[in-house]
Amino acid sequence: MQEPIRIILIEDDDIDAESIERAFQSVPLPSTIHRFRNGEEALRGLRGGEAPAVTRPYLILLDLAMPRMNGVEFLEELRGDPHLSKSVVFVITTSENEQDVAAAYQRHVAGYILKTNQAPNSTQLAEMLSSYWRHVELLREVHP
Amino acid sequence: MLDFFRNLLDTSDFPARWNCGNWTAGHGWVHIVADLITFGAYFAIPICIVVYKRRRPDVTFPVLFYLFGAFILSCGLVHLIEAGIFWVPVYRLSAVFKVMTAVVSIGTVIALVRLLPKALDIPGVATLNSQLQKENAARALVEEELRARNEDLDEFAYIASHDLKSPLRGIQSLAQWIAEDAGEALPPQSMQHLEKLQGRALRMQRLLEDLLLYSRAGRDTESEELDLGALCAGVVELTVQEGSARVQWHALPTIWAPRAPLELVFRNLIGNAIKHHDGEIPDIQIRGHLEAGFAVIEFADDGPGIEPEYEERIFALFQTLRPRDEVEGSGMGLAVVRKALNALGGSIRLLSKEGRGATFRVQLPVRQATREEGGLANAEQCLETAREGERAV
């Protein structure tokens with residue numbers, strides 16, 4: 001995909017979110033980041049309602065520890081929704097807890113990434129996702 | 001009296017009992033058989049008593065056992081003689097044995113009376129058992145509470161270190177971004193402040209990590225056969241950069257202990273020696289030997305040394321000897337090391353001396369592995385497997 005990267009960023013911490021945004025700014029391919037603060041907000045944004053749903057394709061970057069609806073609960077909802085279930089999700093979290101990792105992969109995430117605050121790591125992450133976006137075919141239309 | 005003993009076996013003065021009175025065969029034989037059976041029993045019983053006494057050398061009143069054995073045997077012999085008298089009237093011999101039995105019996109009575117109060121003082125097995133069970137139950141309760149507390153502590157330490165680290169990361173990122181975006185516009189003093197800000201945040205991060213380590217120190221109980229020479233080599237490889245220090249170790253024994261705490265000890269002591277060194281290339285000598293069931297390892301460096309008056313203070317929590325702006329350190333390393341070693345039944349102290357160089361003496365019990373666990377059989381084997389290792393890094 002040569003078009004700009006579209007990222008759905010579901011992250012409640014402003015600074016962690018800004019980290020990702022800054023990292024993508026340093027990557028050659030332009031990107032649009034849709035930021036949501038928790039799972040509920042994200043689902044509304046993805047499904048559409050008052051505002052139109054975010055256009056496909058996109059990559060979802062998901063934090064696990066969020067208020068109201070946490071990452072795993074969001075994944076449950078996502079995989080249960082026929083329109084959204086085929087989305088590609090990368091978990092980005094501080095939790096090294098094995099149970100969390102298992103829970104994420106059980107719900108078919110594409111990858112589980114640990115947050116660090118080292119800038120080089122964030123940049124590499126953005127580069128990796130950019131590379132993924134360019135080389136991997138993602139669904140544009142979903143016919144449930 | 002002498003005649004009496006000279007004629008002990010003389011039967012001429014007396015008739016055989018069969019011939020004395022109107023004995024029916026039945027009546028006579030009842031006496032004889034009963035006496036013989038009794039003799040048999042009174043012969044076997046002392047044997048049982050002696051066997052028991054020999055198998056249980058820790059029996060409480062040995063004298064009683066001997067006395068009982070003696071008077072029962074003696075009484076048995078009397079019965080044997082009584083049976084025999086039906087044919088051979090050795091009444092003098094009979095008298096001797098009866099006197100012997102009487103004497104031993106009285107002796108037993110005296111001994112029993114003397115020992116009765118003592119015997120009553122000893123609690124019965126049933127009482128001891130129920131006491132023991134009560135103690136065990138109480139101990140089990142305490143253990144349960146301890147385990148619950150430890151779990152609570154672990155959870156607290158994990159949550160504290162995890163949740164406290166999160167805003168820290170934020171601070172570090174923000175400082176970084178300010179430096180990146182506004183660096184040129186900032187007066188040099190503000191840039192310096194920014195750097196110090198990042199430094200403090202990093203320090204707090206390390207402190208939290210060390211705090212977590214400290215709270216966990218001493219928990220590891222999974223022991224294995226540990227070659228300290230190999231362990232040292234591993235630690236040196238990980239923590240000492242090529243050419244930055246010279247670390248040599250000799251005669252480090254193999255012991256039975258958990259790996260992680262030992263790695264922590266080596267890492268901290270070697271790391272400290274390098275960190276506090278004021279010269280070009282730190283030289284660290286690590287020597288081991290065995291002493292009365294303990295493995296003793298001395299870590300000697302050629303750094304600036306530690307004044308004897310701070311001998312104990314360096315092991316206290318959060319204590320550093322140099323200002324933290326000069327040498328980064330949470331001040332917890334040695335406290336963690338000491339806690340970990342104490343939990344293993346070991347110890348660490350600074351060997352006192354003036355002038356340059358510091359030597360830490362680490363002491364660890366060489367745990368004996370049981371035959372089922374395999375591994376080491378005794379301390380001599382440890383000595384044999386002690387290796388010489390040297391590495392100029």
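In chain B, among contacts (heavy atoms within 4.5 Å) between residues at least 6 apart in sequence, 71% join residues at least 24 apart. This is a predicted model, in which local features need pLDDT of at least 70 and side-chain atom pairs count only at pLDDT 80 or more, while totals for chains, interfaces and linings use all residues. Residues are numbered from 1 along each chain as its sequence is written, chains are lettered from A in the order in which they are written, and side-chain values use heavy atoms, with hydrogens and water left out.

For chain A, the mean pLDDT (the predictor's confidence in each residue, from 0 to 100) is 89, and 96% of the residues reach 70 or more.

| Element of chain A | Confidence | Mean pLDDT |
|---|---|---|
| helix α5 (residues 119-135) | lowest | 88 |
| strand β3 (residues 59-62) | highest | 96 |

Chain A and chain B bury about 990 Å² between them, counted as the accessible area (1.4 Å probe) lost on being put together and summed over both. The contact takes 11 residues from chain A and 10 residues from chain B. Three salt bridges (a side-chain nitrogen of Lys or Arg within 4 Å of a carboxyl oxygen of Asp or Glu) are found across this interface, and the side chains of A:Arg22 and B:Glu180 meet in a salt bridge at 2.8 Å, N to O.

Definitions and conventions
Helices (H or I, at least four residues) and strands (E, at least two) are DSSP runs, numbered from the N terminus. Buried area is the accessible area (1.4 Å probe) that two parts lose on being put together, summed over both.
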